[in-house]
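Look at the structure below before reading on.

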Amino acid sequence: MTELTLAKALGSGLRRALADDDRVVLMGEDIGALGGVFRVTDGLQREFGRDRVMDMPLAESGIIGMAVGLAFRGFRPVCEIQFDGFIYPAFDQIVAQVAKLHYRTGGSVRMPLTIRVPYGGGIGAVEHHSESPEAYFAHTAGLRVVTCSTPQDAHTMLRQAIACDDPVVFFEPKRRYWTKGEVDETVLDEPGRAEPMGRARVVVEGSDVTIVAYGPLVATAIDAAVAASDEGVSIEVVDLRSLAPLDLDTIEASVRRTGRLVIVHEAQQSGGLGAEIAASITDRCFLHLEAAPARVTGFDTPYPSARAEEHFLPDLDRILDAVDRVLGRANALTGWSQR
């Protein structure tokens, strides 16, 4: 076991993928000589050469287009989109080509392509650097969409994504890049040791309320569980991990135990993943629910300036207020509405 930040765990995952398979190539803006904006790829170009860790022009559509061609030729390209808000120039390539080529060719063409996307807010960035575009891609059939919340998952899930024959959009919570944790870099060396990439995980067990979170807000949900326990409320926290496909079975099993559901994400509420989860779990657990599912999300506005982002992002108080609501205990934990 090695203690690594989430960013360093991603880098170690990329290093293992490059070392284990000569078909793996990394592509992105400033990922080589600079080592990436967040230094995730630091040292990889020196170690593996410019033919395998490639600095690309500032042209996201061109990066993905080239990666499609490489995947056709049997490579396993890993593309870095420097910031979440810069993925939109490549949107057409991803949803119209990458997601559909396997299906359109009757399975004869594989797209083993991984697209890394630092996403979300909380770092005081400028405009277009704090987006949460995951719902666009989760809505697109043919793409796997995953996100990590811990250094261990960052390392393991990235290697699983690169080894997967399906195209994977891999969202990395940038405000958690500096979170440290123990990482077992050998977990994939033996079959069956690692959890499947598409499975959700119960990270805190509880009996009163289920909180479903993913990426940057898993840590905040865990903080909510700790705070609520001081008031005698037992919260179960589910880390979604996979956004497409959704592991609804794990969520359903939790909600059948607790009878209440709160869903948390940074992205705007309308059309977000929270709505899909709420609808699906209501279908599956209608007779077990003691209250309507609650959502705690970003607001339906463009992402604000850095000085205002703390008011936009879901925080501990807003999550605990939703817990109050599904318990029918208005403001018992936080006094939110009085603030």
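The points below are grouped by topic.

This is a predicted model, in which local features need pLDDT of at least 70 and side-chain atom pairs count only at pLDDT 80 or more, while totals for chains, interfaces and linings use all residues. Residues are numbered from 1 along each chain as its sequence is written, and side-chain values use heavy atoms, with hydrogens and water left out. Helices (H or I, at least four residues) and strands (E, at least two) are DSSP runs numbered from the N terminus.

**Helix packing**

- Two packed helices are described by the angle between their axes and the distance between the axes.
- Axes are lines fitted to C-alpha atoms, for helices over the stretch in contact, and angles run from 0 to 180 degrees between N-to-C directions.
- Helix H1 (residues 6-20) packs on helix H7 (residues 151-163) at an angle of about 30°, and their axes are 8 Å apart.
- H1 and H7 are therefore roughly parallel to each other; angles under 35 degrees count as roughly parallel, over 145 as roughly antiparallel, 65 to 115 as roughly perpendicular and the rest as oblique.
- The crossing of H1 and H7 is right-handed; a crossing is right-handed if the near helix is turned clockwise from the far one by less than a right angle, and left-handed if anticlockwise.
- On the H1 side, the residues in contact (heavy atoms within 4.5 Å) include Leu 6, Ala 9, Leu 10 and Leu 14, and on the H7 side they include Pro 151, Ala 154, Leu 158 and Ile 162.
- The residues of the H1 and H7 contact divide into nine nonpolar, three polar and three charged; Ala, Val, Leu, Ile, Met, Phe, Trp, Tyr, Cys and Pro count as nonpolar, Asp, Glu, Lys and Arg as charged, and the others, Gly among them, as polar.
- Helix H9 (residues 248-258) and helix H10 (residues 273-285) pack with their axes 10 Å apart, at an angle of about 60°.
- That angle makes H9 oblique to H10.
- The crossing of H9 and H10 is right-handed.
- Leu 248, Asp 249, Ile 251, Glu 252, Val 255 and Arg 256 of H9 meet Ile 277, Ser 280, Ile 281, Arg 284 and Cys 285 of H10.
- By class, the contact of H9 with H10 has six nonpolar, one polar and four charged residues.

**Backbone features**

- Most residues other than glycine have a negative phi, and most peptide bonds are trans.
- Asp 30 is not a glycine, but has a positive phi of about 70°.
- Asp 30 lies in the loop between strand E2 (24-28) and helix H2 (44-48).
- At 35% relative accessibility, Asp 30 counts as partly exposed; buried means under 20% relative accessible area, exposed over 50%, and partly exposed in between (1.4 Å probe, protein chains only).
- Arg 241 also is not a glycine and has a positive phi, of about 65°.
- Arg 241 lies in the loop between strand E11 (235-239) and E12, and is buried, with a relative accessible area of 1%.
- Ala 244 and Pro 245 are joined by a cis peptide bond, with omega of about 0°.
- Pro 245 lies in the loop between strand E12 (242-244) and H9.

**Buried side chains**

- Arg 76 is in strand E4 (residues 76-80) and is buried, with a relative accessible area of 6%.
- A polar atom of the Arg 76 side chain lies 2.9 Å from the backbone oxygen of Ala 163.
- Leaving aside neighbours within four places in sequence, the contacts of Arg 76 include Asp 21, Arg 23, Pro 112, Ile 162 and Asp 165.
- Ser 254 is found in helix H9 and is buried, with a relative accessible area of 0%.
- The side chains of Ser 254 and Thr 210 make a polar contact (2.6 Å); a polar contact is a pair of N or O atoms within 3.5 Å, and within protein one must be able to donate a hydrogen and the other to accept it, while residues adjacent in sequence count only if both atoms are side-chain atoms.
- Not counting residues up to four places away in sequence, Ser 254 touches Thr 210, Glu 236 and Val 238.

**Residues of helix H3**

- Phe 72 is in helix H3 (residues 60-72) and, at 47% relative accessibility, counts as partly exposed.
- Phe 72 touches Leu 101, Val 109 and Met 111, not counting residues up to four places away in sequence.
- Gly 65 also lies in helix H3 and, at 27% relative accessibility, counts as partly exposed.
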